[in-house]
Amino acid sequence: MGGVPHHVAVEGSGPVCVLSAGLALCWFDWDPVVPLLAPHRTVVRFDRPGHGLSGPAGAAPTARGEADRIAALLDALGMGGERVTVVGHSLAGFHAEAFARLHPARTAALVLADASVEEHARAPAPRTAALHTALARAAGALLTAAGAPAALGPRARRALVRLSRAGYAPDPAGRAPVRRCYRTRRVLDGALLENAHYRAVAAGLLALRARHPLPAGLPVTVLAAPDSPDGTDRWTARQRALADALDAPLTLVRGAGHLMMLDRPGAIAGAVLHPPAR
């Protein structure tokens, strides 16, 4: 799509569900969720450019561009006529919500899993955005010249996953796929580019919210991993504000870290299989 090869996995049968993971994650990070969904849903997982096994990222991401990527992916799979449930984790929550706003006739439900929240993001000037891209590319080149992806990529992946899980649980991903993905400059560049344009994508989504309402009656679920036992922490408050802005219920997924799909896959599967009545 768009001249970039995309890695896609399709499993199961039934209504279509698209799973999109956060920054620097891969298709296999949804592995615990898929067996719970596949008996009831056609599950589509994909790697964005510069992630997993997809080709290098050729352009900076935008909210509209990532929403259209999901639509193009479904078209390429012959699912263009399907109404789909789209699940976005972390940064990909921006993309999933943008898809629902820009492609309302193709959206059956929206699930946001500990999605990123940026209430006051502003779009950078074009020159600033170009500078962010150039700096990300330069950082990738320097780190690759120093041998960082091959030497540290898988270890960095393992460490970040552990820090993002409840109880600092270890990374369950197999050694072979982690090495295959995270020892490459391609994945390093993809992560740096998405990180560099994180706030720009958030600002793009805020602009879409002002112009493109969600479809009337669309089932929306906001799942949050609270930072405190009683849910009174700042992160949970921001997730509650997101749910209020989308007129959606908030479900606190206790016992989960940010990587909810690894800690509590049943919570995500339940949100897909049992959307809230509207």
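**A walk through the predicted model**

Residues are numbered from 1 along each chain as its sequence is written, and side-chain values use heavy atoms, leaving out hydrogens and water.

Phe 28 is buried as well, at a relative accessible area of 7%. What aromatic pairs does the structure hold? There are 2 of them (rings of Phe, Tyr and Trp, the last by its six-membered ring, pair if their centres lie within 6.5 Å; planes under 30 degrees apart count as stacked, over 60 as edge-to-face and the rest as tilted). The rings of Trp 27 and Phe 28 form an edge-to-face pair, because their planes stand at 75°, with the centres 5.0 Å apart. Phe 94 and Tyr 198 make a tilted pair, with 5.6 Å from centre to centre and 45° between the planes. This pair links distant parts of the chain, since Phe 94 sits in helix 3 (residues 92-102) and Tyr 198 in helix 8 (residues 198-211), 104 residues apart. Helices (H or I, at least four residues) and strands (E, at least two) are DSSP runs, numbered from the N terminus. Phe 94 counts as buried, at 3% relative accessibility.

Strand 1 pairs with strand 3 (residues 42-46) in the antiparallel sense over 5 bridges, and Ala 9 stands opposite Arg 45 in strand 3.

Finally, look for the largest pocket, which holds about 560 Å³ of space. A pocket is an open set of points on a 1 Å grid over the protein atoms alone, where a 1.4 Å probe fits, with protein on both sides within 12 Å along at least five of seven lines; lining residues have an atom within 4 Å of a point. The volume is the space filled by probe spheres set on the points, which are joined across faces, edges and corners. Of its 25 lining residues, Leu 23, Ala 24, Leu 160, Tyr 182 and Ala 191 are the closest to the centre. Helix 5 (148-163) and helix 7 (185-196) are the elements that give two or more residues to the lining, and helix 5 provides the largest share, 8 residues.

Notes
This is a predicted model: local features need pLDDT of at least 70, side-chain atom pairs count only at pLDDT 80 or more; totals for chains, interfaces and linings use all residues. Two strands pair if DSSP finds at least two bridges between them. Buried means under 20% relative accessible area, exposed over 50%, partly exposed in between (1.4 Å probe, protein chains only).
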